[in-house]
Amino acid sequence: MGFYLLTYLLTLANDTDVDYGRGPWIRKLRMDLSEDVMEGLQLAGDSVHIPDQSFLLLLRIVSESIVDRRPADPHLSAKKEFGSVDRGTLKQVYAALGALLLEAAKLDKDVAAVSQVLEDCKFSQERIKQLIAVYQQHKQPLRSVLSKIGSNLPHVVDVDWRLDYYIKNNNLEKVSRPVFLIDLKTRVNASEETETVQIACTQDQLQDLVGKLRDACKGLERVAQL
Amino acid sequence: MLLILGDEHKQHLEYLCSVSLDVVQEFCRLSVEFLMKGTNAKIYNSAAQKLGVEAIIIQKAIEGLMHLFLESSKLLLNEIDFRDSVKAAGFSDELQSELLRCYLENQADIRRIQLDISMGLSHYRDLEWRLDVKLASRSLRHQVEPVVTMKLHVKDSGKEETRLLQTDPVNLVHMTRTLEEALQELNSAHCRRICRNF
């Protein structure tokens with residue numbers, strides 16, 4: 001559920017509903033926030049709709065649930081801090097805050113850029129400070145979560161090996177040679193499950209493989225020293 | 001170790017006792033060729049016509065030879081054992097020498113084929129690698145993430161496959177160290193003792 005929240009929020013943020021009537025500052029800042037998100041942000045900044053206590057709590061809940069990849073609490077509106085908030089408003093504000101944080105992290109926006117958007121949504125200085133604090137605190141974790149979205153080749157995370165002595169088979173007596181069984185554990189696309197690629201090697205083949213891996217390591221070291 | 005030939009097997013090979021040496025040489029050559037490349041029924045018919053016997057007898061003789069060579073290679077019979085096994089089947093000395101010569105010449109190739117058709121696991125053939133740096137994706141800009149992409153070539157009973165994998169520098173170094181340890185293990189006293197005794 002947490003994963004779907006993320007993709008939903010990203011699509012919201014990227015909904016380039018460019019309404020030139022909204023003013024040139026959207027394009028200037030190059031953060032493509034849709035109309036819905038901008039509306040939600042304006043509601044978030046408005047202390048009539050979202051009282052101060054609720055705002056702080058909501059900020060914390062939004063940022064933590066994205067970073068920890070936890071699903072959103074369906075009974076959020078039942079909390080006493082949100083008693084005075086209309087449910088539809090709460091939903092829109094939740095989504096808008098999440099979209100802003102994610103879009104800013106994705107584009108590596110600095111504090112000034114984010115403050116500018118908040119000022120244009122008529123946030124009070126106090127609320128701007130609070131949101132910026134949360135943004136700075138969670139920016140790296142947000143970027144880390146975003147970096148895992150996307151397609152990858154199977155990513156090798158571990159290697160297991162086993163050395164057998166091949167004595168004979170049903171066609172041939174006295175085969176008599178050592179055989180290595182190598183298990184490469186791979187992870188696909190940030191899921192927790194691993195798949196295994198198994199290969200067998202004779203001594204010569206393993207020496208060839210290790211030689212090539214050593215070359216790759218040396219290549220890396222040379223690049224790292226540049 | 002002796003290879004005991006079954007009665008039926010001996011019967012099939014009996015035909016060889018009644019023909020001249022160069023015919024036996026030809027049959028030996030044919031049987032090895034059939035082991036390498038597969039049988040060819042037309043040869044049986046043409047040989048049958050030339051020698052004036054039924055094709056089936058030629059076929060049984062050649063197949064008997066193929067079986068003899070296969071079993072001897074499987075057990076890795078040395079010269080003496082091979083001679084003794086063949087002598088027990090009732091071949092003359094001349095014939096024995098001829099069969100022995102053919103066996104020794106082709107033993108390595110026959111064993112190689114037997115190994116190829118044996119149950120095997122996907123064997124490593126080659127590894128290609130390259131270093132990339134991930135700069136951005138749709139979901140995140142301004143990244144600097146090094147990625148090592150690898151193409152692993154494996155061969156599984158004749159079929160070749162390639163697998164695309166990736167890893168990061170830390171895991172690459174970990175992989176290299178772990179596999180170096182594996183290689184070292186082969187030189188340990190324990191492994192050398194076992195390998196020597198078999």
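## Two crossing helices in chain A

Let's start inside chain A, where the axes of helix 3 (residues 35-45) and helix 5 come within 8 Å and cross at roughly 110°. Helix 3 of chain A and helix 5 of chain A are therefore roughly perpendicular to each other. Please keep in mind that this is a predicted model.

Which residues make the contact? Helix 3 of chain A brings Asp36(A), Val37(A), Glu39(A), Gly40(A), Leu41(A), Leu43(A) and Ala44(A). Helix 5 of chain A brings Thr89(A), Gln92(A), Val93(A), Ala96(A), Leu97(A), Ala99(A) and Leu100(A). Sorted by class, the contact of these two helices has 9 nonpolar, 3 polar and 2 charged residues.

## A helix pair in chain B

Over in chain B, helix 2 (residues 21-37) packs with helix 3 (residues 41-51) at an angle of about 175°, and their axes are 13 Å apart. An angle over 145 degrees counts as roughly antiparallel, so helix 2 of chain B and helix 3 of chain B are roughly antiparallel to each other.

From helix 2 of chain B, the contact uses Val23(B), Phe27(B), Leu30(B) and Phe34(B). Helix 3 of chain B meets them with Ile43(B), Tyr44(B) and Leu51(B). The residues of this contact divide into 7 nonpolar, no polar and no charged.

## Where the two chains meet

Now for the two chains together: 58 residues of chain A are in contact with 57 residues of chain B. The area buried between chain A and chain B is about 5,400 Å², and carbon and sulfur atoms give 67% of it.

Between chain A and chain B there are 23 residue pairs in polar contact, counting pairs with both residues at pLDDT 80 or more. On the side of chain A that touches chain B, the elements giving two or more residues are helix 5 (87-106), helix 7 (125-147), strand 1 (155-166), strand 2 (177-187), strand 3 (194-201) and helix 8 (203-225) of chain A. Helix 8 of chain A gives the largest share, 15 residues. By class, this side of chain A divides into 34 nonpolar, 13 polar and 11 charged residues.

Notes:
Residues numbered from 1 in each chain as written. Chains lettered and ligands numbered in written order. Predicted model: local features only at pLDDT ≥ 70, side-chain atom pairs only at ≥ 80, totals over all residues. Heavy atoms only, no water. Axes fitted to C-alpha atoms, helices over the stretch in contact; angles between N-to-C directions. Helix = DSSP H or I, 4+ residues; strand = E, 2+ residues; numbered from the N terminus. Parallel < 35°, antiparallel > 145°, perpendicular 65-115°, else oblique. Contact = heavy atoms within 4.5 Å. Nonpolar A, V, L, I, M, F, W, Y, C, P; charged D, E, K, R; others polar. Buried area = accessible area lost by both parts, 1.4 Å probe. Polar contact = N/O pair within 3.5 Å; in protein donor to acceptor, adjacent residues only side chain to side chain.
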